Amino acid sequence: MREEQKNNTSQKKNNNTPKKPWFWPLIYAGFSVAFVGMIWGYNVYVSDDSVKDSEWTDASKDPNSVTIETNAQAESMKYPFKETLLDNVEIVQHFYDMEADESTREKSILVFDHSYVMNTGVSLTMNSEPFEVVAAMSGKVEAVNLDPFVGDEIVLSHANGMVTKYRSVTGILVKVGDVVEQGDSLATATENEWNPTAGVHLQFEVLQDGVLVNPETLLAF
């Protein structure tokens, strides 16, 4: 009898022990929330990167911004005329260089109306015949200056900080803002009133960071 009473008492205690049916579902729910949070965070991160990439792509398509590729910065200068004509080209007036020999310095002084001016570039002629003028380097057209007295002029800026000028030209084929590739046709060499002794010629000038440079040190004429 006592053993039966003890068993009955034990069964009552076990029956009275509260069960917890919510415990495991709660654990599963917690893991689910954490997993969803991780997925959401990852999507936000990827979305932000995509937006940044999109903004960069859109900016690169801005027609008002001129982007010159990195390889253009390492581009070597070429002649401002078709290289096949090199044997026919002559320098009639050199860049004025204080360190040059006397004969070269004499050929680098321009004379007009009894005035002497040091040449800031090289004057190139081709048997005093018109010839095609091309871009010595890839760049952007910064200016087109029309002056029949000293000669119409095209100014190009380049990725390496250089500026090239092409003066005494006619039949100009470009306008301000145009982007040109090395070798693109710009105009045709002609004569002008300010330097009549040179005849039909191209006045070619080079500046590096705003300082005039002798083109002959960059090109093998």
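Reader: Which residues does K82 touch, not counting residues up to four places away in sequence?

Author: A contact means that heavy atoms lie within 4.5 Å. On that basis K82 touches E132, V134 and G183, with residues up to four places away in sequence not counted. This is a predicted model, in which local features need pLDDT of at least 70 and side-chain atom pairs count only at pLDDT 80 or more, while totals for chains, interfaces and linings use all residues. Residues are numbered from 1 along each chain as its sequence is written, and side-chain values use heavy atoms, with hydrogens and water left out.

Reader: Where does K82 lie, and what does its side chain reach?

Author: Helices (H or I, at least four residues) and strands (E, at least two) are DSSP runs, numbered from the N terminus. K82 lies in the loop between helix 3 (70–73) and strand 1 (90–93). A polar contact is a pair of N or O atoms within 3.5 Å; within protein, one must be able to donate a hydrogen and the other to accept it, and residues adjacent in sequence count only if both atoms are side-chain atoms. The side chain of K82 reaches the backbone oxygen of G183 at 3.4 Å.

Reader: Does K82 count as buried, exposed or partly exposed, and why?

Author: Buried means under 20% relative accessible area, exposed over 50%, and partly exposed in between (1.4 Å probe, protein chains only). K82 has 33% relative accessibility and therefore counts as partly exposed. N195, in the loop between strand 10 and strand 11, counts as buried because its relative accessibility is 4%.

Reader: Which side chains does a polar contact join to that of N195?

Author: The side chain of N195 is joined to that of Q93 by a polar contact of 2.8 Å, and to that of T197 by one of 3.2 Å.

Reader: How many aromatic pairs are there?

Author: Rings of Phe, Tyr and Trp (its six-membered ring) pair if their centres lie within 6.5 Å; planes under 30 degrees apart count as stacked, over 60 as edge-to-face and the rest as tilted. By this rule there are two aromatic pairs. Y79 and F81 form a stacked pair, 5.2 Å centre to centre with 20° between the planes. The ring centres of Y166 and F204 are 5.4 Å apart and their planes stand at 45°, so this pair is tilted. Y166 lies in strand 8 (residues 162–170) and F204 in strand 11 (residues 202–208), so the pair ties together parts that are 38 residues apart in sequence.

Reader: Which residues in the largest nonpolar core touch the most other members?

Author: In soluble globular proteins, nonpolar side chains tend to be buried together. A nonpolar core is a set of buried Ala, Val, Leu, Ile, Met, Phe, Trp, Tyr and Cys residues joined through side-chain atoms within 4.5 Å. The largest one here has 31 residues, of which I154, Y166, L202 and F204 touch the most other members. Strand 4 (122–125), strand 7 (152–157), strand 8, strand 10 (185–189) and strand 11 are the elements that give two or more residues to this core. With neighbours within four places in sequence left aside, the contacts of L202 include P80, V122, F131 and Y166.

Reader: How many helices and strands does the secondary structure of the protein come to?

Author: There are four helices and twelve strands. Of the 221 residues of the protein, 30% count as buried. Among contacts between residues at least 6 apart in sequence, 64% join residues at least 24 apart.
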